[in-house]
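Hi everyone, thanks for making time for this. I'd like to walk you through one model, so please bring it up on your screens.

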Amino acid sequence: MPAEHPRLVFAGWVLFVACSQLLLLVVPGLETVAFHLVWISMSIVYGVQNWSARRMAVVLTAVILVTGTVLGGFVAQGHAAWDELAEVPLMALVFLAMVWHVRRRAAALAETQSLVERERRAQEVKELFVRNCSHEMRTPITVARCYAEMVRNELPTPESKEDLDVVVDELDKLGGLAGRLLVLADAYESAEFERSPVDLGSLLQRTAQRWRPASDRDWILDAPSVLMEGDEARLEAALDALVENAVKFTVEGDAIVLRCRATHSGAVVEVEDTGIGFARSRADDGSGPPQSSGRPGTGLGLAIVRAVVEGHGGGLTVVSERPGGSLLRMVLPLHPPTAGPRPAPAGPSGQRHLRATRLEEPD
């Protein structure tokens, strides 16, 4: 509120009080109404402006003197009983009680804002750490991998080369982890996605085409043309994470199904497999995130997917109550939100929204 507006409000209230007291000279029978209007209006103005303690004390003293003097004059003239004067200190006590509650509320709001600000700063530090850590890791990993390959090519025996193959493979895993950290940080960095028309059917077809030669699975594609608005690059990263998860928990000959369909409010993208699925021991009771029942992983894949889906205003659900395999479903709105706060990234140990449940079919 501009600085002059509170002054105008306060000046208007003072004028109102003066007019109400002058009105009693014309209509003496309204002394009770005028008395209570002064106190009520003062409470309203204080609640809007939240005066300082000094100003509040000065105004309260002035109102007590004005209303007490006017009411005392009516009592002296015989228009009211002397016990009516007790209303002046009682109304003052009621006003002070209201002041106490307003100040308690203001202090609580200030504390809440301080906590929110500290949480925001902590989140920024975490995101900066993830991004810097990812960048700093990739360079030494790349250098170490190059030297490991160079040494491997100069070794004379196959046994020694196999040992270096293990080193190169582990460095590749570290490089993949650094890349995932970077994608996760990027998913939460900007407050607004780059929106453009996205054909989910084409996106699923391109994804299957890229992954089919790299893994010997039975790929099943059900991808009609479904148009929506979204960030195609981030949606592709999320879909890659789901497909990589399906490949990791399946073996040769298992089926991986990619499907999408339109709904009345947006679209649904599903990645289903016939692998070992998700363990239900912790997921069903809500005590923790769903744990894979097979090979170990970082858990960053589903964190990336959740970041992208929630950034589009949608939701991700993991289905574990199946005879075998798993189904991961992304529900996306037709138009993602233009801007808004993002939820804090949950990381591998805190994927709160990925609770295992039996899904109802969306509309």
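Predicted model: local features only at pLDDT ≥ 70, side-chain atom pairs only at ≥ 80, totals over all residues.

α3 itself covers residues 53-76, so to speak a run of 24 residues. From first C-alpha to last, α3 reaches 34 Å, close to the 34 Å expected at 1.5 Å a residue. Its buried residues are Met 56, Val 59, Leu 60, Val 63, Thr 67, Leu 71, Gly 72, Phe 74 and Val 75.

Now step back to α2. A positive phi turns up after this helix too: Asn 50 follows α2, with phi near 55°. α2 has 19 residues and spans 27 Å between its end C-alphas, close to the 27 Å expected at 1.5 Å a residue. Which residues of α2 are buried? They are Glu 31, Ala 34, Phe 35, Val 38, Trp 39, Ser 41, Met 42, Val 45, Tyr 46 and Gln 49. Looking down the axis of α2, you find these buried residues within an arc of 165°, so they line one face of the helix. As a reminder, an α-helix has 3.6 residues a turn, so residues three or four places apart point the same way. On the face of α2 turned away from the buried side, you have Ile 44 and Val 48, both exposed.

Helices α1 (4-26) and α2 (31-49) each supply at least two of the patch residues, and α1 gives the largest share, with 5. Val 27 sits in the loop between α1 and α2. Is Val 27 buried, partly exposed or exposed? Its relative accessibility is 35%, so Val 27 counts as partly exposed.

A quick word on cysteines. The structure holds 0 disulfides. Cys 19 is partly exposed because its relative accessibility is 44%, whereas Cys 260 is buried, at 4%.

How many does a search of the whole structure find? The count is 12. One of them pairs Asp 231 with Arg 234, where the closest N and O atoms are 3.2 Å apart. Both Asp 231 and Arg 234 are buried.

Another salt bridge joins Arg 259 to Glu 270, with 2.8 Å between the closest N and O atoms. That pair links distant parts of the chain: Arg 259 belongs to strand β4 (residues 255-262) and Glu 270 to strand β5 (residues 266-273), 11 residues apart. Glu 270 has a relative accessibility of 2%, so it counts as buried.

Arg 306 and Glu 310 both lie in α8 (residues 300-311), 4 residues apart, about one turn of the helix. Their side chains meet in a salt bridge at 3.4 Å, N to O. Arg 306 counts as buried because its relative accessibility is 2%. Finally, some salt bridges share partners, and these join Arg 259, Arg 261, Glu 270, Glu 272 and Arg 329 into one network.

That's my tour, and I'm happy to take questions.

Note on methods
Residues numbered from 1 in each chain as written. Heavy atoms only, no water. Disulfide = S-S within 2.5 Å. Buried < 20%, exposed > 50% of the residue type's maximum accessible area, 1.4 Å probe, protein only. Expected span 1.5 Å × (residues − 1). Arc of directions from axis to C-beta. Salt bridge = Lys/Arg side-chain N within 4 Å of Asp/Glu carboxyl O.
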